[in-house]
Amino acid sequence: MKQLLIFCAIATAVWACGGAESSSDTPSSQPAAAAPAKPDGKKIYKQYCVTCHGLYGDMGASGAFNLTTSALTMEERIAVITKGRGAMTPFENLLDADEIEAVAEYSLELKVE
Ligand code: HEC
């Protein structure tokens with residue numbers, strides 16, 4: 001009999017705890033502040049680069065190099081876009097580093113193997 005009482009006490013405690021848990025349902029917390037959205041390279045390209053390179057990178061206005069065949073690496077593209085080269089204007093005052101990186105990444109997507 002004593003054992004049964006103990007069992008009941010434990011069972012009640014567990015049940016109480018379980019009940020408390022489900023009722024302490026706090027509104028699901030928002031995920032920690034998301035990283036700032038990455039700039040849209042395609043949008044930047046359409047805004048700043050199509051005038052010379054064309055929508056597909058192969059227009060070549062003002063002697064613009066063909067981006068569908070360019071063999072430049074990501075770093076080299078970032079350098080050309082940031083500082084400009086020849087007839088290409090530098091973008092360091094128009095775009096921030098993240099935007100330059102995003103548009104350089106997009107220019108790599110234009111590449112045709
Ligand atoms: C005023 C016209 C013009 C605009 C606008 C322009 N470019 Fe250029 N781009 C050029 C020219 C001209 C060259 C070739 C430079 C040279 O003769 O050395 C070039 C070269 C490049 C190259 C090097 C290609 C290679 O293989 O050497 C990359 C990459 C490039 N541009 C990307 C961009 C991106 C990305 C943008 C937009 C942010 C952009 N360009 C905007 C004219 C332009």
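What arrangement do the 6 donor atoms around the iron atom of the ligand make?

## The iron site

This is a predicted model, so let's start with the metal. Around the iron atom of the ligand, the 6 donor atoms subtend angles of 85 to 179°, and that makes the arrangement octahedral. The cut-offs behind that call are opposite donors over 155 degrees apart and all others between 65 and 115.

The protein's share of those donors comes from H53, through NE2, and M88, through SD, which lie 1.9 to 2.0 Å from the iron. The two sit in distant parts of the chain: H53 is in helix α3, while M88 is in the loop between α4 and α5 (97-109), and 35 residues separate the pair.

## The pocket and its shell

So where does the ligand sit? It's in the largest pocket. Two elements, α3 (50-53) and α4 (74-83), each give two or more residues to the shell around the ligand.

That shell has 20 residues, and the ones that come nearest to the ligand are C49, C52, H53, S70 and M88. By type, the shell divides into 13 nonpolar residues, 5 polar and 2 charged.

Note on methods:
Residues numbered from 1 in each chain as written. Predicted model: local features only at pLDDT ≥ 70, side-chain atom pairs only at ≥ 80, totals over all residues. Heavy atoms only, no water. Near = heavy atom within 4 Å. 1 Å grid on protein atoms, 1.4 Å probe; cavity = no way out; pocket = protein on both sides within 12 Å on 5 of 7 lines; lining within 4 Å. Sits in = over half its atoms within 2 Å of the grid points. Helix = DSSP H or I, 4+ residues; strand = E, 2+ residues; numbered from the N terminus. Nonpolar A, V, L, I, M, F, W, Y, C, P; charged D, E, K, R; others polar. Donors = N, O, S within 2.8 Å, 3.2 Å for Na, K, Ca; no water. Tetrahedral: all angles 85-135°; square planar, octahedral: opposite > 155°, others 65-115°.
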